[in-house]
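I will go through what I looked up, one topic at a time.

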Amino acid sequence: MIEYSTLVTGPLGENCYLLWKDSNAWIIDPGADADEITAELAARKLMPVSILLTHGHFDHLGALDALLKQWPEIPVVLRREEWDWAFTHAMNQYPPFYLHQHRPKNLLAPGDTYACGGLSARLLPSPGHTPGGQCILLTDDVPAPICFTGDTIFKGSIGRTDLPGGSFAQLNETLRQLTAALAPETTLLPGHGPATTLAHELKFNPFLQPEEDF
């Protein structure tokens, strides 16, 4: 059975997730606090086999350099639309807390599915918050589906679109496709804030309510 834990990292309170089966672990969105991530892996006797990024904002990848110093060969999964700006854009840093990370030599953009270390997931394109966002959906070896949504959707809200590369129209289309693709019982694990379910968001999230005719 697949398990996960949540670490709230950095001054912006970003959710980094460890996802594992047996002793193999994925690190999802290591935003900061590499020492704490490493300590959590060690405490659970886990070996990281991959790093997955929901998108390229600084608060979701700020621990990359430190982690890759320890495990230089593990792949880093990020949609290709993010590659050219995530490590170099002038606005994609927040000194002194978040600095530009080096572009990993093992960057992968595997498409719509990914498997590594006995874990597998669907990678759902989710542009809008950034051009190349992705949600990470697990349906195997879990009691109910789990979706790591990054900054696409939060409990009661959605990601901002006023940063470079953001698009409210794109995000609205992403939300339409995402809510159609996911089962209502899917647990949503966002990039900030508490977990929720799709059923809860369909009922209470104001951004997911149908438009009324006046």
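Which residues form a nonpolar patch on the surface? I found Leu12, Tyr94 and Phe97 there. Together they have about 300 Å² of accessible area. I note here that this is a predicted model. I also placed Phe97: it sits in the loop between α4 (83–86) and β6 (107–108).

**Entry: Ala32**

I went to Ala32 next. Ala32 is in the loop between β3 (24–28) and α1 (34–43). Is Ala32 buried or exposed? Ala32 has 10% relative accessibility, so it counts as buried; the cut-off for buried is under 20%. I then listed what Ala32 touches, leaving out residues up to four places away in sequence. The list is Thr9, Gly10, Ile37, Gly62, Ala63 and Tyr98. I also took one distance, from Ala32 to Leu67. Their C-alpha atoms are 10.0 Å apart in space, and the two residues are 35 residues apart in sequence.

**Entry: Thr149**

I looked up Thr149 in strand β10 (residues 146–150). Thr149 counts as buried because its relative accessibility is 1%. Where does the side chain of Thr149 find a polar atom of the backbone? I found the backbone oxygen of Ile153 at 3.0 Å from a polar atom of that side chain. Setting aside neighbours within four places in sequence, I get Cys135, Leu188, Leu189 and Pro190 as contacts of Thr149.

**Entry: cysteines**

Cys135 came up as a contact of Thr149, and I followed it. How many disulfides does the structure hold? I count zero. A disulfide needs the two sulfur atoms within 2.5 Å. I checked burial too. Cys135 has 0% relative accessibility, so it counts as buried. Cys147 is also at 0% and counts as buried.

**Entry: salt bridges**

I searched the whole structure and found six salt bridges. I wrote up three of them.

Lys105 pairs with Glu73, with the closest N and O atoms 3.6 Å apart. Lys105 lies in the loop between α4 and β6, and Glu73 in the loop between α3 (64–70) and β5 (76–77), so the pair ties together parts that are 32 residues apart in sequence. Lys105 is exposed, at 63% relative accessible area. Glu73 is exposed as well, at 57%.

Asp162 forms a salt bridge with Arg160. Here the closest N and O atoms are 2.7 Å apart. Asp162 counts as exposed because its relative accessibility is 54%; the cut-off is over 50%. Arg160 is at 47% and counts as partly exposed.

Glu173 and Arg176 meet through their side chains at 2.5 Å, N to O. How does helix α5 separate Glu173 and Arg176, and by what? They are three residues apart in α5 (residues 168–181), so about one helical turn separates them. I put Glu173 down as partly exposed, with a relative accessible area of 32%.

I end with two entries side by side. Thr149 is buried at 1%, while Lys105 is exposed at 63%.

Notes:
Residues numbered from 1 in each chain as written. Predicted model: local features only at pLDDT ≥ 70, side-chain atom pairs only at ≥ 80, totals over all residues. Heavy atoms only, no water. Patch = residues over 30% accessible without salt bridge, like charges linked within 9 Å, V, L, I, M, F, W, Y side chains within 5 Å. Areas by Shrake-Rupley, 256 points an atom, 1.4 Å probe, with all protein chains shown as cover. Salt bridge = Lys/Arg side-chain N within 4 Å of Asp/Glu carboxyl O. Helix = DSSP H or I, 4+ residues; strand = E, 2+ residues; numbered from the N terminus. Buried < 20%, exposed > 50% of the residue type's maximum accessible area, 1.4 Å probe, protein only. Polar contact = N/O pair within 3.5 Å; in protein donor to acceptor, adjacent residues only side chain to side chain. Contact = heavy atoms within 4.5 Å.
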